[in-house]
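Here is a short briefing for a first look at this structure. Begin with the sequence and the model.

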Amino acid sequence: MFKDSFKYYKSRNPKPSFEEVLDFTNSSSWTNKVKSVSINSDNFTKTFDLIDPSAWEAFEILDRPGFIYIKNPFTSIGQRYWIRQAIEEYTKKPNKLNIDIHSLVPLEQNWWDYAKQDKSVLKKLRWSTLGYHHNWDTKIYSDQAKNTFPDNLSRLCYTFAQALGYDFKAEAAIVNFYHLDSTLAGHTDHSEEYLDAPLFSFSFGNSAVFLLGGLTIDEKPTAVVIHSGDVVIMSKESRLSYHAVPRIVKTEKQMWNDFNCESDVPLDSELRMYTSQSNFNEFQDYLEGLRINLNVRQVLPHGQLNLIGTVPNKDI
Ligand code: OGA
Ligand code: MN
């Protein structure tokens with residue numbers, strides 16, 4: 001059943017109908033299928049990148065308990081900031097990239113800098129990994145393959161965890177770079193030692209059809225469209241559910257260019273510079289054919305410092 005839906009939404013000819021796809025920007029597609037999730041804004045400290053939590057719209061899909069969707073809570077400057085961070089910063093060493101093994105980029109150069117002279121590497125980037133590096137073959141994390149997790153992304157997750165009442169520590173992330181013809185096949189994310197923690201997923205750029213199934217591939221998945229800025233949390237029953245991205249959908253509404261509520265970011269601030277049109281143009285060009293997904297996980301139980309099996313012996 002999962003595979004049939006994947007094939008259906010992936011197909012170019014014929015094109016799929018979006019009639020059964022939940023789209024939170026179109027309320028007729030989701031009435032009676034979701035319930036509102038309350039947001040705790042008690043400890044929220046105002047940041048430039050997010051709108052006030054009192055304005056966040058969060059939903060849980062009734063058929064898929066634990067799957068929480070927050071409709072774009074980012075400001076447009078916030079979207080630009082995270083897009084730039086993902087493309088420019090999270091692709092720098094010591095983070096790992098799928099193209100590392102091909103030695104396409106000279107060792108001393110950053111991928112993004114190199115891409116300015118050799119555009120062929122733009123399309124070849126598919127992922128980078130941060131913190132505990134995901135091992136795509138063994139699916140086993142290792143204390144020997146980890147780097148410091150970026151502080152800013154860790155804080156972003158913490159903000160959402162607080163707002164939803166979860167205890168969460170960001171320790172590993174996959175940054176997915178999808179091109180317009182990319183897909184992500186059905187899978188579960190079960191490599192983490194501590195599976196009680198939710199998984200946080202932030203998406204920017206073009207939209208995607210996301211399939212969320214059950215604990216086996218026999219269940220027909222629910223299709224949801226994810227737009228730029230949307231936040232998805234897979235927790236509880238949904239944490240170990242099958243999911244996939246069968247299709248990228250070019251967006252008609254580039255929210256990162258829609259300057260709306262930026263009045264509190266001073267014009268002369270560093271952030272204004274960082275996200276200004278002249279500094280953003282090169283990212284904009286790449287983004288025309290791109291979707292970015294930051295997929296963040298906690299690996300270890302709270303308080304545990306190493307993976308089991310590699311915990312240093314305690315003196316008796
Ligand atoms: C993943 C994943 C979903 C997405 O990276 O494991 O499921 O929305 N990504 O790109
Ligand atoms: Mn996944």
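Strand E9 (residues 207-212) pairs with E12 in the antiparallel sense, over five bridges. Two strands count as paired if DSSP finds at least two bridges between them. Helices (H or I, at least four residues) and strands (E, at least two) are DSSP runs, numbered from the N terminus. This is a predicted model, in which local features need pLDDT of at least 70, side-chain atom pairs count only at pLDDT 80 or more, and totals for chains, interfaces and linings use all residues. Residues are numbered from 1 along each chain as its sequence is written, chains are lettered from A and ligands numbered from 1 in the order in which they are written, and side-chain values use heavy atoms, leaving out hydrogens and water.

- Val-209 has Arg-247 in E12 as its bridge partner.
- The sheet is open, with the order E7-E12-E9-E10 and antiparallel pairing.
- Its edge strands, E7 and E10 (222-226), each pair on one side only.
- Neighbouring strands here are turned by 25 degrees against each other on average, direction ignored.
- Helix H1 (residues 2-10) lies across E7, E9, E10 and E12, and runs at about 10 degrees to E12.
- Such angles run from 0 to 180 degrees between N-to-C directions, with axes fitted as lines to C-alpha atoms, for helices over the stretch in contact; contact means heavy atoms within 4.5 Å.

**The nine-stranded sheet**
- This open sheet has the order E1-E2-E3-E11-E8-E13-E6-E5-E4, with antiparallel pairing.
- E1 (34-36) and E4 (96-97) are the edge strands, each pairing on one side only.
- Strand E8 (residues 199-205) pairs with E13 in the antiparallel sense over six bridges.
- Ser-201 stands opposite Asn-295 in E13.
- Helix H2 (residues 76-89) lies across E6, E8 and E13, at about 80 degrees to E13.

**Around ligand 1**
- The shell (residues with a heavy atom within 4 Å) includes Leu-184, His-187, Phe-210 and His-243.
- By type, the shell holds four nonpolar, five polar and three charged residues. Ala, Val, Leu, Ile, Met, Phe, Trp, Tyr, Cys and Pro count as nonpolar, Asp, Glu, Lys and Arg as charged, and the others, Gly among them, as polar.
- E6 (172-179), E7 (184-187), E12 (243-249) and E13 (290-297) each supply at least two shell residues.
- E13 gives the largest share, four residues.
- An oxygen atom of ligand 1 lies 2.6 Å from a side-chain N or O atom of Tyr-178.
- For Asn-176, the corresponding distance from a ligand 1 oxygen atom is 2.8 Å.

Methods
A polar contact is a pair of N or O atoms within 3.5 Å; within protein, one must be able to donate a hydrogen and the other to accept it, and residues adjacent in sequence count only if both atoms are side-chain atoms.
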